[in-house]
Amino acid sequence: MYRILISDPLHPSGISLLRESGAQVDVLSAEDKPRLAELLPKYDALVVRSGTTVTAELLAAGERLRVVGRAGIGVDNVDVKAATERGILVVNAPTANMMSATEHTFALMLSLARRVAAADASLKSGAWDRKKFVGSELQGKTLGILGFGRIGQRVAARARAFEMTVMAYDPFLDEEVARRQEVEPASLEELLPRADVVTLHTPLTEGTKNLLNAQRLESLKAGALVINCGRGGTLDEKALLAGLQSGHIAGAGLDVFSKEPLTDFELVRHPNVVATPHIGAQTKEAQLRIAKDTAEMLLKALDGSMAVTAVNLPFRSVSAQAELQLSLGERLGRLASVLLDGQVRRVEVDFTGVDASLHRPIGVAVLKGALTPAIGEAVNYVNAEHLAASRGISLARAEHQGIPDYSQLLQVRLEGPEGSIELAGTILGARDARVVSYRGYPLEFRPEGRLMLLRNDDVPGVVGKLGTFLGENGINIGNIHLARRKGERDAVAALLLDSLPSSAVVEDLLAFPEVAEAKVVDLGDRI
Ligand code: NAD
């Protein structure tokens, strides 16, 4: 049973989800908050919002801690680097508020186009002034989207419903996705003079800081509207105010600012500005989704899944189907490492018929498996690369060049101080993982359960002798796979056992003249 500690207020639906999983869930009271570090050692997971600062010291106190759930998006309050070094996964809810932000973009756009906020204020002041509030329609206008990611694409779909022409600028734009959405991909230079409304949906990076600078704001079509419901700092606020004052820019809808909370109100007080205090994500639905998404990710992460939205996984979340390949890679790495007694210097993975986007995740999985015999459970997907680098273990990945025997194959080669081990595996059907090549022998077995791997002389009676010996020691054999190469005296075998033999039993086995090598490993449940 997992123990989960929640140290900031979380929507009750998230707490219920965690409890329904059977976990013990404790909510930290305000009085106990100063004792967080003292209480944390008992817990497997910690859930925070922005009210808890997760420092390196706090993470060090969490001896059992495996996952930190940040119920939200930003992780400024979590020392992600320290978490990575400790192998602690940091999961968040990056998509929970995208619909709220998308819809708020339209709240600002329509409010600007129809001067809703100004007309409302006028009416409330007791005036009935219809002539003053002549707006414009969105239909037939051109919308320019800067940043065609999750929110940018959703804004595009809704703009199409308003019968707007949509252009998008994004240096990483997928043209196929744009075409499907009837969106015209464009450079900034093409987009700015043509758009009636420009809306920003980029993160704040070196490349997007002041993306809409003075010069670009000047290149806008006269009378354009500018909206920023993305991140503050992506437009030059002084230049925007100048553009509004000159009348070149007809209006601006702003939810985010370069400095928050706002202290200089000159821009937002301009009559053609509609502004809100960063409320793009402030909806009941987003709060609920944040709590649910975080709880779901946390539980999945505790169960060892890699299909999670983690901040510090060295790759993007993978599909459930791809997790099979990660598991196979990990088990091949582990098997090869056991055969080298955990002494690994270099890891190579060769892919046949495996989607290129999975090469890195599978490489990390192989590293994880390769390091496990030496490091144990402390190695995981989060810190495998870091631990390997700190031990001078290199990883090489390559696409198979020759003619493949299998439509899909993972070949793993581990180099130790005294030689190397090569294994290959594949996934058959929906979920049947197999080792198909073992040290150059055509040995096939499932990489699961308690295995004994033998190298022995290929002489009559040896299998019976081994079976009898293991039986005398109370060890039952579930199945046995054998392989040899033509004309060779050496053979290999993989035995699935009901229980693992003790090291004394393995020693006795090695005393048999026919047995050259015997290794045991528990690979756990079926993939
Ligand atoms: P996303 O990562 O899915 O998309 C961002 C897009 O920006 C990507 O496609 C990326 O390629 C693009 N991009 C990067 N550099 C660029 C550049 N130099 N020029 C143009 N495009 C560039 O993110 P998202 O979920 O769509 O969120 C977009 C923004 O909205 C984020 O900054 C997020 O913080 C913000 N946001 C704000 C609120 C709010 O409360 N107002 C709520 C949710 C999200």
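In the predicted model, a polar backbone atom of Ala281 lies 3.3 Å from an oxygen atom of the ligand; polar contacts are pairs of N or O atoms within 3.5 Å, where pairs within protein must also join an atom able to donate a hydrogen to one able to accept it, and residues adjacent in sequence count only if both atoms are side-chain atoms. Of the ligand's 860 Å² exposed when it is taken alone, the protein buries 83% (accessible areas by the Shrake-Rupley method with a 1.4 Å probe; for residues, only the protein chains shown count as cover). The ligand is surrounded by 24 residues, of which Arg150, Ile151, Asp170, Thr202 and Arg231 are the closest (near meaning a heavy atom within 4 Å). This shell comprises 10 nonpolar, 10 polar and four charged residues, with Ala, Val, Leu, Ile, Met, Phe, Trp, Tyr, Cys and Pro counted as nonpolar, Asp, Glu, Lys and Arg as charged, and the others, Gly among them, as polar.

The model is a prediction in which local features need pLDDT of at least 70 and side-chain atom pairs count only at pLDDT 80 or more, while totals for chains, interfaces and linings use all residues. Residues are numbered from 1 along each chain as its sequence is written, and side-chain values use heavy atoms, with hydrogens and water left out.

Seven strands form an open sheet with parallel pairing in the order 8-7-6-9-10-11-12. Helices (H or I, at least four residues) and strands (E, at least two) are DSSP runs numbered from the N terminus, and two strands pair if DSSP finds at least two bridges between them. Strand 8 (183–185) and strand 12 (273–275) each have a single partner strand and stand at the edges, so one side of each lacks a neighbour in the sheet. Neighbouring strands of this sheet are turned by 20 degrees against each other on average, direction ignored; axes are lines fitted to C-alpha atoms, for helices over the stretch in contact, and angles run from 0 to 180 degrees between N-to-C directions. Strand 11 (residues 249–254) is joined to strand 12 by three bridges in the parallel sense, and Gly253 has Val274 of strand 12 as its bridge partner. Helix 7 (residues 150–161) packs on this sheet, in contact with strand 6 (142–146), strand 7 (165–169), strand 8 and strand 9 (197–200), at about 175 degrees to the direction of strand 6; contact means heavy atoms within 4.5 Å. Helix 11 (residues 237–246) also packs on the sheet, touching strand 10 (224–228), strand 11 and strand 12, with its direction at about 140 degrees to that of strand 11.

Two loops contain backbone exceptions. Most residues other than glycine have a negative phi, and most peptide bonds are trans. In the loop between strand 11 and strand 12 lies Pro261, and the peptide bond from Glu260 to Pro261 is cis, with omega near -5 degrees. Glu182, in the loop between helix 8 (175–180) and strand 8, has a positive phi near 55 degrees.

An open sheet of five strands, with parallel pairing, has the order 2-1-3-4-5. Strand 2 (24–27) and strand 5 (89–91) are its edge strands. Strand 1 (residues 3–6) and strand 3 (residues 45–48) run parallel and are joined by three bridges.
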